[in-house]
2 protein chains.
Amino acid sequence: MDKQLRMTHQRELILDELRRGKTHPTADELYERIKKKLPRVSLATVYRNLEILSAAGLIKKLEISGRQKRFDWDPDDHDHVYCIQCQRVDNITLAAPVPQVESTHKQGYRITGRRVEFSGLCPKCVRQQEHHQAKGESSMSCPSCSASKLSDTQRQVLQALANTSEACGSKELAAATGLEAKQISCQITALKNKGYVDSPVRCKYAITDQGKQALE
Amino acid sequence: MDKQLRMTHQRELILDELRRGKTHPTADELYERIKKKLPRVSLATVYRNLEILSAAGLIKKLEISGRQKRFDWDPDDHDHVYCIQCQRVDNITLAAPVPQVESTHKQGYRITGRRVEFSGLCPKCVRQQEHHQAKGESSMSCPSCSASKLSDTQRQVLQALANTSEACGSKELAAATGLEAKQISCQITALKNKGYVDSPVRCKYAITDQGKQALE
DNA sequence: CTTGACATGCAAATAATTATCAAATACATT
DNA sequence: AATGTATTTGATAATTATTTGCATGTCAAG
């Protein structure tokens, strides 16, 4: 009845790589590493095997907050911290065991599992944040952190602003770009959020240094 | 500097519906409910507002194990249980506060958040499981639970089996379906897993009653 | 040396969420 | 009340992470 596990080359590599690294990689991080040793592996194989191996209890699947699942070489129960900035995951030890659920509050649940998960900034990201504060920048306006791409329309508007030395209103921009007046304000808003445009006077807009950089 | 929140009709409805229900719905569950009162809302609007409202601290986003995010009308800190079968989420109260992380194990993390999450079977699913056991069925073989769709190729093979009264081997099936002999065994395996085919004698296959039903 | 169970690679499918953008709406200011 | 502008919306495309279908490949047992 039981399915037997066959120890194929790729399965062995996956298990090996996971155990050797002693980190908590995502499926695709692991895939990148495996590919170096076995270039023809498929990402699907990595996913499939991580699933199979964790069902078999050889490894553990971590469903940490946020995005991708991560995998843990250590199938024994233990808790984790993750960095809300870089998504790194580490093990953590609590000062005392986690308390039980009050039986009066179980509400009829048959409880079988428990997960404790701390979050915060990892040492590297703490240092990075301190570096930003030292430079007097808010964490949002650091171009290397929040740089996002421009849409074609945004680029058009930004270009028009770059061409005028004076701050100008949305009507002038509409004329300059050939776009309808209505869409200008939408684009301006987006550009302001990105820090590429500011408004020195109400209803007048100008390109920022950051905005000029973004155009190149 | 702060963006101000505008209280639009849809935003009000979302907040209202969430607070009134006192459950922990997913974005699309909420969307279905909202649609009854405001048929033209967009799913994107629901997602956007749930995100905005939780960023503003009016509600809370729950990133429970597994699949969809769920949303909680109560922004205060509290813990949850979820059902591993039906995904339902409820509040839960611990017998004592969660212990701190041992400072020697913080590994340089600056910890800002904590999440405790129990899992198990909710009362409804506990009852359902008991009902299955009473009928002597393994939870996997209950047709109403594991019914899965047939692919075109599988249907073809199954149809061929239905047309013969005797159990037959893969070569005969290949002839009957016009498929290559090689693919037959793959399909047979899949069909056996679904309980639509069995093998009364080694290397001979027959359709099961379940398989006949599946063809209709 | 066949067979069948289990595996793999590739491509395509799926699920949940997020982004884009024109058009609509809300809100403060005339 | 009218206006101008920022914010929000609806519709839809795009993205991200993961899973599935299927043909083919491999291994171990008979």
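This is a predicted model: local features need pLDDT of at least 70, side-chain atom pairs count only at pLDDT 80 or more; totals for chains, interfaces and linings use all residues.
**View 1. The contact between chain B and chain A.** Chain B contributes 44 residues to the contact, and chain A contributes 44 residues. Together the two chains bury about 3,600 Å². Carbon and sulfur atoms account for 53% of that buried area.

**View 2. Polar contacts and salt bridges across the interface.** Between chain B and chain A, 12 residue pairs are in polar contact, counting pairs in which both residues are at pLDDT 80 or more. The interface of chain B and chain A also holds 2 salt bridges. One of these salt bridges links A:E117 to B:R115. In the pair A:E117 and B:R115, the closest N and O atoms are 3.3 Å apart.

**View 3. The side of chain B that touches chain A.** Four elements of chain B each give two or more residues to this side: β3 (79-83), β4 (89-92), β5 (110-121) and α4 (123-134). The largest share comes from β5(B), with 12 residues. Sorted by class, the side of chain B that touches chain A has 21 nonpolar, 13 polar and 10 charged residues.

**View 4. Strand pairing between β5 of chain A and β5(B).** Strand β5 of chain A covers residues 110-121 and is joined to β5(B) by 11 bridges. The two strands run antiparallel. Within this pairing, A:R114 stands opposite B:F118 of β5(B).

**View 5. B:E51 in helix α3 of chain B.** Helix α3 of chain B spans residues 43-55 and includes B:E51. The side chain of B:E51 makes a polar contact of 2.8 Å with the side chain of B:K61. Is B:E51 buried or partly exposed? The relative accessible area of B:E51 is 38%, so the residue is partly exposed. B:A27 is 24 residues from B:E51 along the chain, and the C-alpha atoms of the two are separated by 9.9 Å.

**View 6. A:T45 in helix α3 of chain A.** A:T45 belongs to helix α3 of chain A, residues 43-55. Leaving aside residues up to four places away in sequence, A:T45 touches A:Q10 and A:I14. Why is A:T45 classed as buried? Its relative accessible area is 18%, and buried means under 20% relative accessible area.

Technical notes
Residues are numbered from 1 along each chain as its sequence is written. Chains are lettered from A and ligands numbered from 1 in the order in which they are written. Side-chain values use heavy atoms; hydrogens and water are left out. Contact means heavy atoms within 4.5 Å. Buried area is the accessible area (1.4 Å probe) that two parts lose on being put together, summed over both. A salt bridge is a side-chain nitrogen of Lys or Arg within 4 Å of a carboxyl oxygen of Asp or Glu. A polar contact is a pair of N or O atoms within 3.5 Å; within protein, one must be able to donate a hydrogen and the other to accept it, and residues adjacent in sequence count only if both atoms are side-chain atoms. Ala, Val, Leu, Ile, Met, Phe, Trp, Tyr, Cys and Pro count as nonpolar, Asp, Glu, Lys and Arg as charged, and the others, Gly among them, as polar. Two strands pair if DSSP finds at least two bridges between them. Buried means under 20% relative accessible area, exposed over 50%, partly exposed in between (1.4 Å probe, protein chains only).
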